[in-house]
Amino acid sequence: MRMITRRIAFYLVTAVVAITVNFFIPRLMPGNPALAVLGRVQAQESKQAIAALELQYGVATKTGLWGQYVQYWSHLLHGNLGTSLNFYPASVGGLIQAALPWTIALVGVATVISFVLGTLLGVAAAWKRGSWLDGLLPAMTFFQAAPYFFVAILAVALFATKLGWFPPNSGYDTTTLNPGFDWAFISNVIDHAVLPAVTIVLASIAGWIIGMRNMMITTMDEDYVLLAQAKGLPSRRVISYAARNALLPSVAGFSLAIGFIVSGALLTEIVFSYPGVGYLLFTAIGSDDYPLLQGIFLIITLTVLLANLAADFVYAFLDPRTRQEA
Amino acid sequence: MTRLLRSPKIVVGLCLSAVFVLLAIIGPLIAPYNPSTSTSTINGTPMPPSAAHLLGTTQVQQDVLSQLLVGGRSTILVSLVAGVAATVLAVLFGVSAGYFGGWADDLLSMLANIFLVLPALPLLIVIFGFLGKGANPNDAVIGVIIAITGWAFGARQLRAQTLSMRSRDFVDSARIIGEKNWRIMGFEILPNLTPVVATSFLFTVIYGVGTYTALSFLGVIDTSHWSWGTMLYWAQSAQAAQQVHLEWWWFLPPGLAVGLFGTGLALLNFGIDEFVNPRLRGGGVSRRVARRAGLPRRPELGLTPVLAPVLRGSEKAS
């Protein structure tokens with residue numbers, strides 16, 4: 001398992017880099033904008049909060065840069081991400097904790113659907129090259145190139161406003177329902193999640209289709225595929241031989257794609273006013289809530305790194321060569 | 001060059017991109033109104049397209065067509081700057097990592113891999129958030145900042161290609177003649193990487209359009225600085241897609257513009273991919289052309305036909 005330990009070490013380094021960058025950005029920017037924010041909130045917030053903010057942004061504090069950095073790490077390791085300015089006195093950690101399950105469920109389900117469906121369509125497009133599936137590619141390219149939130153706006157306009165099939169916004173019917181583990185609530189949540197999920201699938205599927213198609217075409221020329229067909233195996237069997245091997249680069253490419261998909265999903269949430277991290281991020285931007293902004297950046301980064309690690313495990317499981325190396 | 005132009009993907013892609021670049025150059029000059037001024041006093045309801053306003057108006061009676069034309073320049077300028085800057089970084093880091101190898105390679109590859117897995121958009125949001133919304137944004141600076149998060153993909157590909165070229169005969173002989181390292185990299189290796197550099201440039205321009213539009217849609221970049229993203233920001237904050245009378249003329253044009261510009265660049269990219277790897281072709285050949293060329297509708301296994309030479313033969317015949 002040398003490959004896995006090496007990857008874990010790499011992700012740890014990446015996490016440290018992200019956390020360090022997060023610490024330095026406010027200190028490197030010209031005319032530290034945190035000062036302006038401090039000036040704005042001075043009137044409304046308690047002395048304690050202002051002292052905490054001053055510490056967080058290295059303003060008017062006697063501690064040196066290294067001391068601030070150590071303090072920042074100790075806060076992080078205790079799970080303290082600071083206090084939100086906009087939702088004062090709520091803690092940044094608590095706000096993100098409330099929003100994160102919505103995002104993870106939505107993005108997780110949509111990404112799995114997109115990956116599976118896209119890979120199958122890619123296999124089909126490679127097998128029947130020159131069929132109508134190839135004609136679909138330009139349209140798919142458009143959805144890939146158009147920003148996620150534009151696809152989301154189109155989906156809202158068509159399916160929610162015009163046809164009225166799905167609710168246009170929020171995660172559940174907030175006026176009539178209370179969150180709980182009953183069917184009325186769950187079905188309502190699913191009803192609200194369909195449109196955002198479809199948007200994410202539509203906007204991300206083209207990459208999987210094209211990647212799988214191109215890899216399949218290369219794999220189909222391999223001798224073992226030719227032999228399988230020469231032996232007279234049924235097509236389905238032959239396809240599965242080729243597809244299994246063509247799948248590996250797609251899984252490897254997953255780690256590159258996940259950052260894009262998460263970013264896109266955050267934007268999709270904003271259009272739907274979906275109660276996830278993306279919408280929280282939007283409110284944080286709108287209200288200059290710097291602690292919340294930075295907290296969200298850290299949590300998203302760590303989540304993406306974890307997703308990457310999971311993809312690496314899957315890859316090691318699928319490809320025995322990576323396991324034999326050690 | 002003429003062989004490149006035979007691919008329909010490249011032709012369509014080139015035309016689409018050229019139209020948008022032209023738009024970016026002349027757009028602000030032919031815009032009928034100032035994009036920020038209200039053209040009438042009836043505030044509150046966006047007006048559908050009319051003779052005076054070809055694409056209708058926004059909620060405060062700004063002309064949508066003018067916003068589209070003016071905003072196009074900023075959007076395309078930022079994405080091109082991002083593409084150029086990211087490609088320069090990718091070439092510098094990728095080629096030198098592949099050429100030098102050893103610890104320099106380890107270090108540069110590590111750096112590229114870190115930038116690859118860090119989610120770029122949240123990082124950019126934090127950076128632009130602290131840069132302040134009030135400051136008058138400069139398109140070139142925005143482009144360069146976006147490029148910082150977008151160079152790693154190209155660098156990784158260039159590194160892999162350089163690695164395969166490092167010990168070829170022509171590089172060895174250049175080294176024996178006594179050429180300097182920078183000269184070998186720049187004049188011996190780089191010309192052989194042209195397709196990779198081209199695809200990585202196109203890729204980062206697409207990335208730049210999407211990222212810039214997303215950032216201005218989020219409102220982290222001054223919302224009075226017109227771009228296609230800010231147009232969508234205002235349309236979304238007025239809930240243009242949620243109104244009973246769908247205000248399509250407001251949100252459709254900027255989104256379509258972004259999508260079509262990106263599609264044009266992506267088609268160019270696919271065209272180059274197919275040019276380099278002829279096996280991928282087949283999508284670009286219509287069924288009619290394939291039948292005329294006497295190709296089987298369903299390619300046989302193991303015998304992936306390379307379509308270009310057959311096509312050239314059929315053209316000679318006709």
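How many of the 318 residues of chain B count as buried? Of these 318 residues, 51% count as buried, a residue being buried if 20 or more other C-beta atoms lie within 10 Å of its own, exposed if 12 or fewer, and partly exposed in between, with C-beta atoms placed from the backbone. In chain A, which has 326 residues, 41% count as buried.

The model is a predicted one, in which local features need pLDDT of at least 70, side-chain atom pairs count only at pLDDT 80 or more, and totals for chains, interfaces and linings use all residues. Residues are numbered from 1 along each chain as its sequence is written, while chains are lettered from A and ligands numbered from 1 in the order in which they are written.

Chain A contains 13 helices and 0 strands, where helices (H or I, at least four residues) and strands (E, at least two) are DSSP runs, numbered from the N terminus. The elements of chain A, read from the N terminus, follow the order α-α-α-α-α-α-α-α-α-α-α-α-α. For chain B the secondary structure likewise comes to 13 helices and 0 strands. Of the contacts in chain A with a separation of 6 or more, 73% are between residues 24 or more positions apart; two residues are in contact if their C-beta atoms, placed from the backbone, lie within 7 Å. In chain B, 73% of the contacts between residues at least 6 apart in sequence join residues at least 24 apart.

Between the two chains, 56 residues of chain A are in contact with 52 residues of chain B. On the side of chain A that touches chain B, two or more residues each come from α1 (2–28), α6 (132–145), α7 (148–162), α8 (183–219), α9 (223–230), α10, α11 and α12 (290–318) of chain A. The largest share, 10 residues, is given by α12(A). By class, this side of chain A has 36 nonpolar, 15 polar and 5 charged residues. In this classification Ala, Val, Leu, Ile, Met, Phe, Trp, Tyr, Cys and Pro count as nonpolar, Asp, Glu, Lys and Arg as charged, and the others, Gly among them, as polar.

The largest nonpolar core has 171 residues, a nonpolar core being a set of buried Ala, Val, Leu, Ile, Met, Phe, Trp, Tyr and Cys residues joined through C-beta atoms within 7 Å. The residues with the most contacts inside this core are V151(A), M216(A), I296(A) and I125(B). The element that gives the most to the core is α2(B), with 19 residues. Leaving aside residues up to four places away in sequence, M216(A) touches G122(A), V123(A), A126(A), A242(A), A243(A) and A246(A).

Two packed helices are described by the angle between their axes and the distance between the axes. Axes are lines fitted to C-alpha atoms, for helices over the stretch in contact, and angles run from 0 to 180 degrees between N-to-C directions. In chain A, the axes of α10 (residues 235–272) and α11 (residues 277–286) come within 7 Å and cross at roughly 75°. The helices α10(A) and α11(A) are therefore roughly perpendicular to each other; angles under 35 degrees count as roughly parallel, over 145 as roughly antiparallel, 65 to 115 as roughly perpendicular and the rest as oblique. Among the residues that make this contact are L266(A) and I270(A) of α10(A) and Y279(A) and F282(A) of α11(A). The contact comprises 8 nonpolar, 1 polar and 1 charged residues. S273(A) lies in the loop between α10 and α11 of chain A, and its phi is near 45°, a positive value in a residue other than glycine. Most residues other than glycine have a negative phi. S273(A) has 16 C-beta neighbours inside 10 Å and so counts as partly exposed.

In chain B, the axes of α2 (residues 64–100) and α5 (residues 139–148) come within 7 Å and cross at roughly 45°, and the two helices are therefore oblique to each other. Residues of this contact include L77(B) and V81(B) of α2(B) and I142(B) and I146(B) of α5(B). The residues divide into 12 nonpolar, 2 polar and 1 charged. The helix α2(B) also packs with α6 (residues 152–165) of chain B at an angle of about 35°, with their axes 7 Å apart. By class, the contact of α2(B) with α6(B) has 10 nonpolar, 5 polar and 2 charged residues.
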